[in-house]
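Have the 3D view open and follow along.

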Amino acid sequence: LGRRINAAVSNLNREPNLDEKAFESMVKEICSALLSADVNVRLVKNMRKSIQSAVNFKDLPPHTSSNTKKRLIQQAVFDHLVQLVDPHAEPYKPKKGRSNVIMFVGLQGAGKTTTCTKLARHYAQRGFKACLVCADTFRAGAYDQLKQNATKAKIPYYGSLTQTDPAVVAAEGVARFKKEKFEIIIVDTSGRHRQEADLFAEMVQVQNAIKPDQTIMVLDGTIGQAAEAQSAAFKQTADFGAIIITKTDGGAAGGGAISAVAATHTPIIFLGTGEHMMDLERFAPKPFISKLLGYGDMTGLIEQIQTITRESAGMKETQKHLAEGIFTLRDMKEQIQNIMKLGPVSKLGAMIPGLGNMMQGMSDEDGNEKLKRMIYIFDSMTAKELDSDGKVLVSQPTRLTRIACGSGTSVRDVEEVLTQHRVMSGLAKNMGAQRKNMQRAQSMM
Ligand code: GDP
Ligand code: MG
């Protein structure tokens, strides 16, 4: 999805005279990308209208530049998609010093048992006394699975091999952990029954028995079009206050997440990004859409740079530059080199703005190869070029050819690097400006 939307927008970037026709065809392409990613038809229609009214060419001053128009369109697409995944509802915030009971609901295989351990660990790491209760008495082995995960994460747990009534086990577990002054009590439930009606009835029974402070629906991010009906059905019965989308590491997501929020007006709070305990990411609409559009997640990238590459001298310079809103070609080279050290490329590539889409669907090997070629390109630049913002190279055939030959790549490859650099540099400038604004605001307080 991200790749197609991004392609539609960058095709527009190549359009020298941006007119209404080019705009229309871009909107059409974005909409068809959303449709093919299983976003609901009605939502896509609304989006089309909203973008068309946000960017009304006839109302713009006659001398508006193509660049301004492009920025308007990009902003309109971004804003609209952000609106779609942002229900403007505040999820429940667990409080310390009291018990917070959290119940998980969702279909079998959605990732509930995996995710409840991830969440318990998340809170435990933030100083909460967290524990798990297994109220899945339906599936043989459910308790064992939770036990194994919980033991690995060093999280206390409760369950029963003999009690068959999930509401009873849930109530027992919650009562016991409340007495022991646990602050986060997460209750895992079953997701399958012979009849769907039975599943929903059981959900209500458990809910009544433990009166959770928060119910979270766990939704498989790979189910596409089914996300809307499924989340709506659960919402009707179990009125959950938050959603966690799992399996977003498979390259799917997007459509399902957007549909689920739209169908339930309920915020997504976390994304499951893998099978391991650490693979849980906080969800925020803007970075999510930014990543979806291939702009990358600058915050994630910066955190990564700060935590893992402190010792590298080059990175210090880059960090200083980022703080000032400067982003040279050399900064980009340093970043790519560090990302390559960190590996696996397929996961980390998604964090580099402008590279995320290029890396999507690539094997680690291909991704590494691609990044290596980019380093060869940087290595064929002069020091002066590297320390520039790249403008000295744009439309300079002799220079571009020299770099392409020196690096054993093509002019097209070099241009691609420059394009990606521009995206990253735009983000870096924005961040620098934001930081300055924040500092100013803080100094006034
Ligand atoms: P439950 O039936 O809802 O409790 O689902 P489980 O927690 O047992 O998970 C079902 C399968 O999905 C397991 O094989 C998990 O390892 C896998 N899984 C869960 N979350 C994720 C995720 O975020 N990414 C990936 N790749 N797999 C996941
Ligand atoms: Mg389970």
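**Helix pairs and a ligand shell**

Begin with helix H8 (residues 196-210) and helix H9 (residues 226-238), whose axes come within 10 Å and cross at roughly 40°. Please keep in mind that you are looking at a predicted model. Angles under 35 degrees count as roughly parallel, and 65 to 115 as roughly perpendicular, with oblique used for the rest once the roughly antiparallel ones, over 145, are set aside. H8 and H9 are therefore oblique to each other. As for handedness, the crossing in which H8 passes H9 is right-handed.

Now turn to another pair, helix H2 (residues 20-36) and helix H3 (residues 41-54). Their axes lie 10 Å apart, and the helices pack at an angle of about 160°. H2 and H3 are therefore roughly antiparallel to each other. Here, too, we find a right-handed crossing, this time of H2 and H3.

Next, move to ligand 1. Which residues come nearest to ligand 1? Of the 17 residues around it, they are Gly109, Lys112, Thr114, Asp249 and Glu275. Helix H5 (residues 112-125) gives the most to this shell, contributing 4 residues.

Finally, zoom in on the polar contacts. The side chain of Thr114 places an N or O atom 2.5 Å from an oxygen atom of ligand 1. The backbone takes part as well: an N or O atom of the Lys247 backbone is 3.0 Å from a ligand 1 oxygen atom, and a polar backbone atom of Gly272 is 3.3 Å from an oxygen atom of ligand 1. Taken alone, ligand 1 exposes 580 Å², and the protein buries 79% of that.

Technical notes: Residues numbered from 1 in each chain as written. Chains lettered and ligands numbered in written order. Predicted model: local features only at pLDDT ≥ 70, side-chain atom pairs only at ≥ 80, totals over all residues. Heavy atoms only, no water. Near = heavy atom within 4 Å. Polar contact = N/O pair within 3.5 Å; in protein donor to acceptor, adjacent residues only side chain to side chain. Areas by Shrake-Rupley, 256 points an atom, 1.4 Å probe, with all protein chains shown as cover. Helix = DSSP H or I, 4+ residues; strand = E, 2+ residues; numbered from the N terminus. Axes fitted to C-alpha atoms, helices over the stretch in contact; angles between N-to-C directions. Left-handed = near helix turned anticlockwise from the far one by under 90°.
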